[in-house]
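Open the model in your viewer and keep the selection panel at hand. The stops below go from confidence to the contact between the chains.

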Amino acid sequence: MRLREMTANCIMGVFKTVLMAAKTLPHTRKSSIGKVDLSREREWILQHGHLYVGEWVVLGDGALVGHSADGSEIGAMVEKARAEGIEAPYVKFVREGSEPIWMGWL
Amino acid sequence: MDGMVMSAFSLEFSDCLNYSRYDEITVEIFLSSNQETHVAVEAKVDTGSKFCIFQPRYAFLLGFDLKAGVRETIRTAAGHFIAYGHEVTLTVSDIEWDTVVYFAEMENFPVNVVGRIGFIDHLQFGLVDYEQLLYLGPFEAA
């Protein structure tokens, strides 16, 4: 039994190696903008999000830059944040907490 | 227990993300279309999704002409929708890579999702949901 499983594992190993060789290896690198940490933005949403349900909010460094129910106005707010030195403005559409449960698999 | 073979496997991860402040398994990412244009986004991790799909507003914020991207029809459990693929740099933790992600055509698309192609396929990925911990590291060939 042990020999049979070892043989099977060996064959699977060869099979995996062949498959891996046929696929393109993914290339990753160290972030050029630093580590992603949106903990302050998340905290802001948990504290204040209920005031902005149905709106887009733009945050930078954990503070509100702007908000609007009209998504077309968000671009100007993001540009404002960038002009203030916020490299990666946080943008989120705030939904009501009582919405149906998300089930995934799109 | 006779005849049972126990195998031990181990993986190493460069980071561990705690998603306890979110309702679902969520990652915080940056999307960028060039070195100057970044946007910070929360996305739900969906291992059943083939692609990464984002709300269309982010395509506009990244300077893309949405419908100039690669058009795909995405099938779901509840129907289907159209999305357009664009090349971005995606950053999670302190790892980044260039990939194609999709932006839904539907203006009120409700969610941002990272799936297999473009996200999970670039990483080693471990999940301990009881502790709400997601272990991540760049993929390394064995």
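Begin with chain B, coloured by pLDDT. This is a predicted model, and within chain B confidence is lowest in strand S5 (residues 70-76), at a mean of 94, and highest in strand S4 (residues 53-54), at 98. Over chain B the mean pLDDT is 93, with 97% of its residues reaching 70 or more. The scores for the model are ipTM 0.88 and pTM 0.86.

Next, select the contact between the chains: 42 residues come from chain A and 50 residues from chain B. Between them the two chains bury about 3900 Å², and carbon and sulfur atoms account for 56% of that area.

Now show side chains across the contact. Six salt bridges link chain A and chain B. Select Arg21(B) and Glu43(A) to see a salt bridge whose closest N and O atoms are 2.5 Å apart.

Hide chain B and look at the side of chain A that touches chain B. Helix H1 (2-22), strand S1 (29-30), helix H2 (39-48), helix H3 (74-83) and strand S4 (90-93) of chain A each supply at least two residues to that side. By type, the residues there are 19 nonpolar, 10 polar and 13 charged.

Bring chain B back for the last stop, and select S1(A) together with strand S7 (residues 95-104) of chain B. These strands run antiparallel and are joined by two bridges. Within this pairing, Arg29(A) lies opposite Glu96(B) of S7(B).

Notes
Residues are numbered from 1 along each chain as its sequence is written. Chains are lettered from A and ligands numbered from 1 in the order in which they are written. This is a predicted model: local features need pLDDT of at least 70, side-chain atom pairs count only at pLDDT 80 or more; totals for chains, interfaces and linings use all residues. Side-chain values use heavy atoms; hydrogens and water are left out. pLDDT is the predictor's confidence in each residue, from 0 to 100. Helices (H or I, at least four residues) and strands (E, at least two) are DSSP runs, numbered from the N terminus. Contact means heavy atoms within 4.5 Å. Buried area is the accessible area (1.4 Å probe) that two parts lose on being put together, summed over both. A salt bridge is a side-chain nitrogen of Lys or Arg within 4 Å of a carboxyl oxygen of Asp or Glu. Ala, Val, Leu, Ile, Met, Phe, Trp, Tyr, Cys and Pro count as nonpolar, Asp, Glu, Lys and Arg as charged, and the others, Gly among them, as polar. Two strands pair if DSSP finds at least two bridges between them.
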